[in-house]
Each structure stands twice: as structure tokens, then as C-alpha cells.
Amino acid sequence: EMFKRITKLDKRAKNVKSVNTVKLMEGFSTEGDGVIYALKNKGIDIAGAKVLVLGCGRVAKNVIFSLLEERALVTVYNRTPKTANELKKKYSQISIKNEFNDDSSFDIVINATPQGGGYLAGALPIGEDVITSSLLIVDMVIRPKYTQLIKKAIAYGTDVIFGEEVAFFVNYLSDCVLVESEPSVEQAISFYRDYLVGERND
């Protein structure tokens with residue numbers, strides 16, 4: 001309902017047809033760049049990285065848009081192949097993965113589905129072989145913090161980014177929109193480190 005009342009969309013929101021921040025009836029989407037900021041906080045070189053995005057929904061489209069802007073090599077997996085193939089018509093640069101085999105290895109796997117949270121808690125969105133062959137797992141599910149995907153990744157020694165970390169950077173970018181402040185990766189990372197210090201002191 002709110003989306004229908006918005007009178008203007010920024011470039012990203014218009015492209016992905018999704019809004020998570022509204023200022024003076026103009027809609028913005030910050031979720032995709034929130035992932036980018038989280039990856040840069042890890043020191044990840046995104047350009048040229050082989051990234052698997054799980055899902056084709058609103059959040060996934062945001063993530064894909066931002067990854068392509070950063071020149072990542074994006075592969076998309078969705079439980080419904082037809083939906084993924086429709087997405088490729090819009091983003092011709094992406095590859096579609098309908099099944100995984102021994103050659104299915106990625107630098108980064110990003111779960112942009114609800115699998116693992118809420119009533120889907122405990123669900124694993126991909127097979128363990130993909131987890132073990134990847135360098136970094138990003139789960140955008142916030143609660144529970146330790147999703148089944150995160151637990152498996154840690155158990156196999158794969159690096160992880162938690163959903164709450166991504167959420168911090170998404171909220172930082174939304175705040176920048178609301179207060180009309182130019183976002184900065186360096187500033188966001190500094191704020192995040194201050195936040196972690198505060199968490200440890202509580």
C-alpha cells in the first residue's frame with residue numbers, strides 16, 4: 001500500500017521495484033548496498049568474485065543489482081527455475097544454476113531467502129558440499145543469529161557474515177538517506193566497530 005503512495009523512486013528502487021526507506025514520499029532501496037558494505041568490512045575484493053545468490057525475491061534483486069554494479073560474477077539459484085530464468089531476461093549478465101555438482105564452487109554465497117529464519121528456522125537453503133567449497137557465507141536472515149547455514153559454515157571452517165551485520169549497514173545507509181548525509185564505507189565501518197565495542201561492554 002505504501003509503495004503505491006510513493007511519488008518518486010531512486011534509480012535502484014525503480015529498477016528492482018522495491019523500497020525499504022521513504023523520505024518525503026520518495027522511495028529508496030538500501031539492502032543491496034548493505035551487503036556490499038558488509039563485504040568491504042571483511043576486506044573482500046568484490047570485482048571478479050564468483051558470487052552465488054540464493055533467491056529471486058525483493059531482497060535478492062537488490063543484492064544482485066549491487067553486485068553487478070561492483071562487477072562481481074553473479075550466479076543465481078532459485079527453487080523455481082522459471083523465476084530465475086525470468087530474472088535473467090532483466091539482468092543478462094547473471095548465470096542461472098538449477099543444480100549443483102562437484103564443480104559448484106564459489107567465492108561467496110549469499111542467502112537472500114527466508115530459509116533459516118522464522119517458521120523456516122532450521123532449514124538449509126543449499127547442500128553442504130556448496131558450503132564446504134565456498135570461501136565466505138553471508139546469511140541475510142537476522143533471527144536466529146546462528147541459522148543452520150551459519151552453523152554449518154562455521155563447523156566446516158568457512159568464513160561467515162551474520163544477518164545482523166548486514167542489517168547494521170542497511171540501516172546506516174537508510175539513515176544517510178533520511179538525514180541527507182553522503183554515505184561512506186569508511187565511516188560505516190568505523191561506526192560498526194564502535195557498535196561492536198559497545199556490545200562487548202554491555
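Analyst: Here are some labels, each set against its definition.

Analyst: This is a predicted model, where local features need pLDDT of at least 70 and side-chain atom pairs pLDDT 80 or more, while totals for chains, interfaces and linings use all residues. Residues are numbered from 1 along each chain as its sequence is written, and side-chain values use heavy atoms, with hydrogens and water left out.

User: What makes the radius of gyration of the chain agree with a compact globule?
Analyst: The rule is 2.2 Å times the number of residues to the power 0.38, over C-alpha atoms. For 202 residues that gives near 17 Å, and the chain has 17 Å, so the two agree. Its C-alpha atoms fill a box of roughly 50 × 45 × 35 Å along the principal axes.

User: How many helices and strands are there in the chain?
Analyst: Nine helices and nine strands.

User: Why is Tyr192 called buried?
Analyst: Buried means under 20% relative accessible area, with exposed over 50% and partly exposed in between (1.4 Å probe, protein chains only). Tyr192 has 9%, so it's buried. Phe169 is buried too, at 0%. Across the chain, buried residues make up 49% of the 202.

User: What makes Phe168 and Tyr192 an edge-to-face pair?
Analyst: Rings of Phe, Tyr and Trp (its six-membered ring) pair if their centres lie within 6.5 Å; planes under 30 degrees apart are stacked, over 60 edge-to-face, and the rest tilted. Phe168 and Tyr192 sit 5.1 Å centre to centre with 65° between the planes, hence edge-to-face. Phe168 belongs to helix α8 (residues 163-179) and Tyr192 to helix α9 (residues 185-201), so the pair ties together parts 24 residues apart in sequence.

User: How many of the contacts between residues at least 6 apart join residues at least 24 apart?
Analyst: That's 56%, where contact means heavy atoms within 4.5 Å.

Terms used:
Helix = DSSP H or I, 4+ residues; strand = E, 2+ residues; numbered from the N terminus.
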